[in-house]
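Me: I would like to go through this model and ask, for each label, what stands behind it. Please set the value against the cut-off each time.

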Amino acid sequence: MNGPVSGPFGGQPERAEARGNEPTYTGRYVVLLDQAEARQGMEGLRSAVGVQSVETVSGADPGEATEVLAASGASVLFDNLGVAVVDTDPDQRHALVTAAETSSSVVAAEPERYVYALMITEAERTVTHSYPAYRSDDDQIARQARAEVTAHRGPTWDETTCTWGLQAIRANFSTLTGRDVKVCVLDTGVDTGHPDLAGCLEETASFVEGEAVEDGNGHGTHCIGTVAGPADPADAPRYGVAGDARVLAGKVLSNRGSGTDGQILAGMSWAVSQGAKVISMSLGASVEPGELFPQTYEQVARRALRLGTVMVAAAGNESRRPGVVRPVGRPANCPSILAVAALNKDLATAFFSCGAINGEGGEVNVAAPGVGIFSAAPGSSYQSLMGTSMATPHVAGALALYAEADPEMAADALRDRMLAGAYPLPQLAEDVGSGLLQVP
Amino acid sequence: MSEPDAPRTVGVVLAVDPDRFDEVVEALRRAGLRVTAEQPLLGSLSGTLSEDRLPALAAVDGVLAVDRDRTVTLPEPGSPLQ
């Protein structure tokens, strides 16, 4: 609390105390009364202080209250709130404070302040997707207000203890860790001996003929690190979203980075059979404008959702912004698979990130950090990479935290909650969907 | 090698009704599909067949989708953009 107020019973303010050229105090007092005996409390104040007249406002009619408050010299009792605004002569203020202190019906009294627009940074309620423009959920608003601070911080991130990506999605502020939630990463396998990752691997499987699950590429290891790298790596800042998630590492892409739809479908089935809550796919093939999504993937993704598994996939890296925006690739372009766009450190859309060029299914669902992403690399080392491939496992990790928070939640509800929790960005929904991913 | 005029062999992936998976897969075999992998849990399978037999697959009762099996390729390892 600012100003010359101490304790619940305020001292005497200067009327019209300066705040620039605008007054801070109105000269009236706001009195919080014991709601059970508000009228008695008000009557006591009236006789002690010599209040001329008291208007009582009971209903919710804003017109009535406004009219009464605007009247000079009027005191107002908001009966249903147990709050009174008391106008006294300046020489009666001491009597008012004394009466307030001695009356058992008065809980607190303080000078009424002017409130100026823009004094308070209100949570932005602009939206970039088809969600309600106003949410009554206080936690949600508060979380978005924090995200706004992040958004205004700009590209200067201190990554000493935690990567910028985790800070941007607020993972470093979450108490959730994805404990016991299974997340499948379908990619080039994993460095099973990496000291940061060995502990998070639940199961591994290779769907590439002639190749073990061991990652000879680096792509899979990097993505798994972003999902479930440890809370406090020995020789690196924190870079994993869900440090206690259980990773199912499915190798569907060869060490050269190549795989077929058939291998990916086999990996999906394995993941669902293992109880994965999330399948993260930092992979895809480019499509042409006007091309329909692959029906086989869509059918499989729908069935996976019914069986409890959410699928997320990279939107694709074929754009060259500004100027060239290419459509979201497959399988991310399936309506039942979430497409993840990539953001720069300044939260602008990354130059390569694909956009919503095509119709149904071709939309971007959410955006996540995808440039300068530090994570694990084979050989017990680390590397920084960029791509929608790097953005996607941030979303998978966040979904693990949502799943941990409510283990019984159905997969479609899990997906919807994550999307609703995203922080709206100024970019078009065609580029960033619901906005910047935020963890619960 | 195929004869110049022989139809190409193509790879396909399919989604079928998972509640009668075995029955539909058997019908697909009769339609010319050489099944290479099956995922009854999700109702998907993959296989190969002569390109000219493709329309016959989609006509099999219980088939929800037929797509060409495409290859996904990541950028070269070492490329900063992944």
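Reply: What follows takes the labels one by one, with the definition beside the value.

Me: What kind of model is this, and how are residues and chains named?

Reply: This is a predicted model, in which local features need pLDDT of at least 70 and side-chain atom pairs count only at pLDDT 80 or more, while totals for chains, interfaces and linings use all residues. Residues are numbered from 1 along each chain as its sequence is written, chains are lettered from A and ligands numbered from 1 in the order in which they are written, and side-chain values use heavy atoms, with hydrogens and water left out.

Me: Which residues carry the feature "active site", and where does that come from?

Reply: An unreviewed UniProt entry places this feature at D187(A), H219(A) and S389(A). UniProt positions are given in the numbering used here, feature names are shortened, and annotations may be inferred rather than shown by experiment. The three are spread over 203 residues of sequence, yet they cluster in space, with a largest C-alpha distance of 10.0 Å. From this set, S389(A) is in the lining of the largest pocket.

Me: Why is D187(A) called buried?

Reply: Buried means under 20% relative accessible area, exposed over 50%, and partly exposed in between (1.4 Å probe, protein chains only). D187(A) has a relative accessible area of 1%, so D187(A) is buried. D187(A) sits in strand β8 (residues 182-187) of chain A; helices (H or I, at least four residues) and strands (E, at least two) are DSSP runs, numbered from the N terminus.

Me: What makes the pair D187(A) and H219(A) a polar contact?

Reply: A polar contact is a pair of N or O atoms within 3.5 Å; within protein, one must be able to donate a hydrogen and the other to accept it, and residues adjacent in sequence count only if both atoms are side-chain atoms. The side chains of D187(A) and H219(A) make such a contact at 2.7 Å.

Me: What does D187(A) contact in chain B?

Reply: Contact means heavy atoms within 4.5 Å. Leaving aside neighbours within four places in sequence, the contacts of D187(A) include L74(B).

Me: Is S389(A) buried or exposed, and what does S389(A) contact?

Reply: S389(A) has a relative accessible area of 3%, so S389(A) is buried. S389(A) lies in helix α9 (residues 388-405) of chain A. Beyond four places in sequence, S389(A) is in contact with H219(A), C223(A), S282(A), A314(A) and Q82(B).

Me: Why is helix α6 of chain A described as largely enclosed?

Reply: Because 10 of the 10 residues of helix α6 (residues 219-228) are buried, the helix is largely enclosed by the rest of the structure. H219(A) and C223(A) are among the buried residues of α6(A). These buried residues pack against β8, β10 (246-251), β16 (373-377), β17 (381-385) and α9 of chain A.

Me: What makes a space a pocket, and how much space lies in the largest pocket?

Reply: On a 1 Å grid over the protein atoms alone, a pocket is an open set of points where a 1.4 Å probe fits, with protein on both sides within 12 Å along at least five of seven lines; lining residues have an atom within 4 Å of a point. The largest pocket holds about 300 Å³. Of its 24 lining residues, G284(A), G316(A), N317(A), E318(A) and T73(B) are the closest to its centre. β5(B) gives the largest share of the lining, 3 residues.

Me: Where is N333(A), and why is N333(A) called buried?

Reply: N333(A) is in the loop between β13 (310-314) and β14 (338-343) of chain A. Its relative accessibility is 3%, so N333(A) counts as buried. N333(A) and G362(A) are 29 residues apart in sequence but 4.4 Å apart in space, C-alpha to C-alpha.

Me: Why is S380(A) called partly exposed?

Reply: S380(A) has 41% relative accessibility, so S380(A) counts as partly exposed. S380(A) also has a positive phi of about 55 degrees although it is not a glycine.

Terms used
Points joined across faces, edges and corners; volume = space filled by probe spheres on them.
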